[in-house]
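Subject: A structure to look through

Hello,

I am handing over a structure that I would like you to read alongside these notes. Please keep it open while you go through them, and look up each part as it is named.

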Amino acid sequence: MSARSKTEASPAAETLTAAGLRPTRQRVLVYETLAGQDDHPSAEVIYERARATMPTLSLATVYNCLESFAQAGLIRAIHIQRQSTRYCTVREEAPHFAHFHCRRTGAVYDIVLPDRVRRLLEEELPEGMQPEDLEINFTGVSAEGHSYPPHAPIAKKSLQEP
Ligand SMILES: [Zn+2]
């Protein structure tokens with residue numbers, strides 16, 4: 001085995017390393033599980049999915065991994081009232097700070113709002129308050145028979161299609 005192939009890292013491991021995290025086997029697996037099917041799963045769902053690959057994985061480890069990813073800015077925790085926290089990977093090509101939680105299906109969708117919405121809200125802050133993050137969560141019901149992509153951001157125009 002050459003030295004090069006020995007140190008070759010998976011894309012997930014590279015992402016973790018670039019974010020300053022040591023790419024342990026558990027972290028790589030948890031990140032891959034979340035990013036591979038980024039349908040805003042809860043920690044419990046990530047745990048169930050990842051355990052198929054690593055049966056020794058514990059739910060506590062999954063929580064620890066998610067905590068360190070969130071602190072490193074790799075993922076976003078979505079807090080929905082009376083529901084388990086859901087997670088989504090932060091993708092530079094699709095920045096979003098808003099989500100829609102459907103009470104009917106339990107699905108969480110990315111909602112892309114224009115920058116002016118964010119600026120408008122930030123202008124309402126009292127002087128001296130320096131915002132660093134913003135989280136907007138809609139709760140409601142999505143139309144039946146309409147298939148919204150769970151992880152691809154929903155541009156407003158796609159909602160106007162019949
Ligand atoms: Zn999202």
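The secondary structure of this chain comes to six helices and five strands, and please bear in mind throughout that the model is a predicted one. Read from the N terminus, the elements follow the order α-α-α-α-α-β-β-β-β-α-β. Buried residues make up 20% of the 162 residues in the chain. Among the contacts with a separation of 6 or more, 51% are accounted for by residues 24 or more positions apart.

In soluble globular proteins, nonpolar side chains tend to be buried together. The largest nonpolar core here has 23 residues, and those that touch the most other members are Val 30, Tyr 31, Ile 46, Ala 50, Val 62, Leu 66 and Ile 75. At least two residues of this core are supplied by each of helix 2, helix 3 (25–36), helix 4 (43–51), helix 5 (59–71), strand 1 (75–78), strand 2 (86–89) and strand 4. Helix 3 gives the largest share, which is five residues.

Is Leu 16 buried or exposed? Leu 16 counts as buried because 24 other C-beta atoms lie within 10 Å, where the cut-off for a buried residue is 20 or more. Leaving aside residues up to four places away in sequence, Leu 16 touches Leu 21, Pro 23, Arg 27, Val 28 and Tyr 31. Of these, Val 28 is twelve residues from Leu 16 along the chain, and the C-alpha atoms of the two are separated by 7.6 Å.

Helix 5

Helix 5 has 13 residues, which at 1.5 Å a residue should span 18 Å, and its end C-alpha atoms are 18 Å apart, so the two values agree. Its buried residues are Val 62, Cys 65, Leu 66, Ser 68 and Phe 69. Seen down the axis of helix 5, these buried residues fall within an arc of 165°, and therefore they line one face of the helix. The face turned away from that buried side carries the exposed residues Ala 60 and Gln 71. What covers the buried residues of helix 5 includes helix 3, helix 4, strand 1 and strand 2. For Val 62, the residues touched are Val 30, Ala 43, Ile 46, Tyr 47, Ala 50 and Leu 57, again not counting residues up to four places away in sequence. After helix 5 comes Gly 73, whose phi is positive, near 80°.

The sheet

Strands of a sheet pair through backbone hydrogen bonds, either parallel or antiparallel. In this model three strands form an open sheet in the order 4-3-5, with mixed pairing. Strand 4 (108–111) and strand 5 (136–140) are the edge strands, each of which pairs on one side only. From one strand to the next, the twist averages 25°.

Strand 3 (residues 98–102) pairs with strand 4 in the antiparallel sense over four bridges, and with strand 5 in the parallel sense over five bridges. On the strand 4 side, Ala 98 stands opposite Ile 111 and Phe 100 stands opposite Tyr 109, while on the strand 5 side His 101 stands opposite Thr 139. Strand 3 and strand 4 form a hairpin with five residues between them, and in its turn Gly 106 has a positive phi of about 80°.

In a regular strand the side chains alternate between the two faces of the sheet. In strand 3, the covered face has His 99 and His 101, whereas the uncovered face has Ala 98, Phe 100 and Cys 102.

Two loop residues to check

His 40, in the loop between helix 3 and helix 4, has a positive phi of about 55° although it is not a glycine. Arg 82, in the loop between strand 1 and strand 2, is likewise not a glycine and has a positive phi of about 60°. What is the setting of each residue, buried or exposed? His 40 is buried, because 23 other C-beta atoms lie within 10 Å, whereas Arg 82 counts as exposed, because it has 5 C-beta neighbours inside 10 Å.

With best wishes

Conventions: Residues are numbered from 1 along each chain as its sequence is written. This is a predicted model: local features need pLDDT of at least 70, side-chain atom pairs count only at pLDDT 80 or more; totals for chains, interfaces and linings use all residues. Two strands pair if DSSP finds at least two bridges between them. Axes are lines fitted to C-alpha atoms, for helices over the stretch in contact, and angles run from 0 to 180 degrees between N-to-C directions. A residue is buried if 20 or more other C-beta atoms lie within 10 Å of its own, exposed if 12 or fewer, and partly exposed in between; C-beta atoms are placed from the backbone. Two residues are in contact if their C-beta atoms, placed from the backbone, lie within 7 Å. A nonpolar core is a set of buried Ala, Val, Leu, Ile, Met, Phe, Trp, Tyr and Cys residues joined through C-beta atoms within 7 Å. The expected span of a helix is 1.5 Å times one less than its number of residues. The arc is that of the directions from the helix axis to the C-beta atoms.
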